[in-house]
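This briefing covers the sheets, the helices packed on them and the interface between the chains. Please look over the structure first; the notes follow it.

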Amino acid sequence: MCTYLTEKVSISGSGKGPSGWFRLTDASVYFDHPVHAQAEHTLNIDFLDPGAGPSARVAVELTAESAQALAKAIQAILDSAPPGLC
Amino acid sequence: MYDAMLAESVTITGHNGDEIEAYSARTLQAGPVGSVVVIHHLPGYDRQTKEFTRTFAAGGLNAVMPNLYHREAPGAAPDDAMATARASGAIPVPDERIVGEVAGAVAYLRGLSNSNGKVGVIGHCSGGRQAFLAAISLPLDAAVDCYGGFVVGTAPEGHPLHGIPPLVDRAGDLSCPLLGLFGRDDVAPSPEQVAELEQALKAHGKTYEFHSYDGAGHAFMQVDRPSYRPEAAVDAWQRIWAFFGRYLLSSVIGKESQCALT
């Protein structure tokens, strides 16, 4: 099934695409059909700079288990950073 | 059978008279031949659905697939266009706009010199829902719903489709025979939802033909996905060819043709 559901978040940072590095201003997070990954549904993240056009995008499609592990890893590394850095 | 065809990107007049991109695959037979509007799934106007569109032309029909995300990202790669549509809140595409784009595709097909005037519609996944939507909104000659979700049932609060009345409530408006192809392991549409749709069609005296396959779930016709179920998919393709052959009045449909369908 198509879930249609999308979470959008404003972000600040950079990503690297086929043309090199570019700034990131937005991210879309959704659990829906992937384009490439061999799973029926994946946790997909589009890192975007809408002002630079549709191709200014870094995309990932992760299995649900992978996404859970990644989310834990992100939180763990942020929690372990020295005080005052983030 | 003479099997030459021409496939290319074209511009058609869609909703509100706006020009949008579409992928056209046309048999080069003199005709008259039937035609099909192909509605892509939520991931977009992609390689697999273009292949599917070409399959109809290889089988002796004219086919066209409107790019439902053209307005959000003209000229973009299909996956980038989908991402742009999602980021801009254009997914789901409003029903009114989908109907307008399909109406434009129908007009394009009926205007082809070898058209017999008959036009069907087919869609898969979310496109299955949109095929049903088109068939209850426009005068068509045949419709095929390949496991379209949200034809029956109400989306929960917070869901982008929440508040949109179930399409099944408009079953009485169905303008043409309907072929439904479903997997019994699917959850959207579930077997219970398929049964509810069938009951509604029956109550309104509509012509329909449903096939539900054991051991198949959603997207069982897509050959490059883990969901592919060859036995069900091969049978489904035979049903599609027979159905379009019956209602689009084409005697030259290639029954051997099949391809990926998500």
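Helix α5 of chain B, residues 191–203, lies across β7 and β8 of chain B. Its direction makes about 165° with that of β8(B). The model is predicted.

**Helices on the chain B sheet**

**The chain B sheet**

- Eight strands of chain B form an open sheet. Their order is β1-β2-β4-β3-β5-β6-β7-β8, and the pairing is mixed.
- The edges are held by β1 (5–13) and β8 (208–213) of chain B. Each has a single partner strand, so one side of each lacks a neighbour in the sheet.
- On average, neighbouring strands of this sheet are turned by 20° against each other, direction ignored.
- One parallel pair joins β3(B), residues 33–39, to β4(B), residues 62–66, over three bridges.
- B:V37 has B:V64 in β4(B) as its bridge partner.

- B:V121 sits in strand β5 of chain B.
- Is B:V121 buried or exposed? B:V121 has 28 C-beta neighbours inside 10 Å. The cut-off for a buried residue is 20 or more, so B:V121 counts as buried.
- Which residues does B:V121 contact, leaving aside its neighbours within four places in sequence? The contacts are B:V36, B:V37, B:I39, B:V102, B:A131, B:A134, B:A135, B:L140 and B:A143.
- B:V37, one of these contacts, is also the residue bridged to B:V64.
- B:V121 and B:D141 are 20 residues apart in sequence. Their C-alpha atoms are 8.3 Å apart in space.

**The chain A sheet**

- Four strands of chain A form an open sheet in the order β1-β2-β3-β4, with antiparallel pairing.
- β1 and β4 of chain A are the edge strands, and each pairs on one side only.
- Neighbouring strands here are turned by 25° against each other on average, direction ignored.
- β1(A) and β2(A) run antiparallel and are joined by nine bridges.
- A:V9 stands opposite A:A27, which belongs to β2(A).
- Helix α2 of chain B packs on this sheet and touches β1, β2, β3 and β4 of chain A. The direction of α2(B) makes about 75° with that of β2(A).

**Helix α2(B) between the chains**

- Why is α2(B) described as largely enclosed by the rest of the structure? The helix covers residues 78–87, and ten of its ten residues are buried, so the rest of the structure largely encloses it.
- The buried residues are B:P78, B:D79, B:D80, B:A81, B:M82, B:A83, B:T84, B:A85, B:R86 and B:A87.
- These buried residues pack against four strands of chain A: β1 (7–17), β2 (20–32), β3 (42–48) and β4 (57–62).
- B:G89 follows α2(B) and has a positive phi, near 80°.

**The interface**

- How many residues of each chain are in contact with the other? The contacts involve 26 residues of chain B and 22 residues of chain A.
- On the side of chain B that touches chain A, α2(B) supplies the largest share, seven residues.
- By class, that side of chain B has 17 nonpolar, six polar and three charged residues.

Definitions and conventions. Residues are numbered from 1 along each chain as its sequence is written. Chains are lettered from A and ligands numbered from 1 in the order in which they are written. This is a predicted model: local features need pLDDT of at least 70, side-chain atom pairs count only at pLDDT 80 or more; totals for chains, interfaces and linings use all residues. A residue is buried if 20 or more other C-beta atoms lie within 10 Å of its own, exposed if 12 or fewer, and partly exposed in between; C-beta atoms are placed from the backbone. Helices (H or I, at least four residues) and strands (E, at least two) are DSSP runs, numbered from the N terminus. Two residues are in contact if their C-beta atoms, placed from the backbone, lie within 7 Å. Two strands pair if DSSP finds at least two bridges between them. Axes are lines fitted to C-alpha atoms, for helices over the stretch in contact, and angles run from 0 to 180 degrees between N-to-C directions. Ala, Val, Leu, Ile, Met, Phe, Trp, Tyr, Cys and Pro count as nonpolar, Asp, Glu, Lys and Arg as charged, and the others, Gly among them, as polar.
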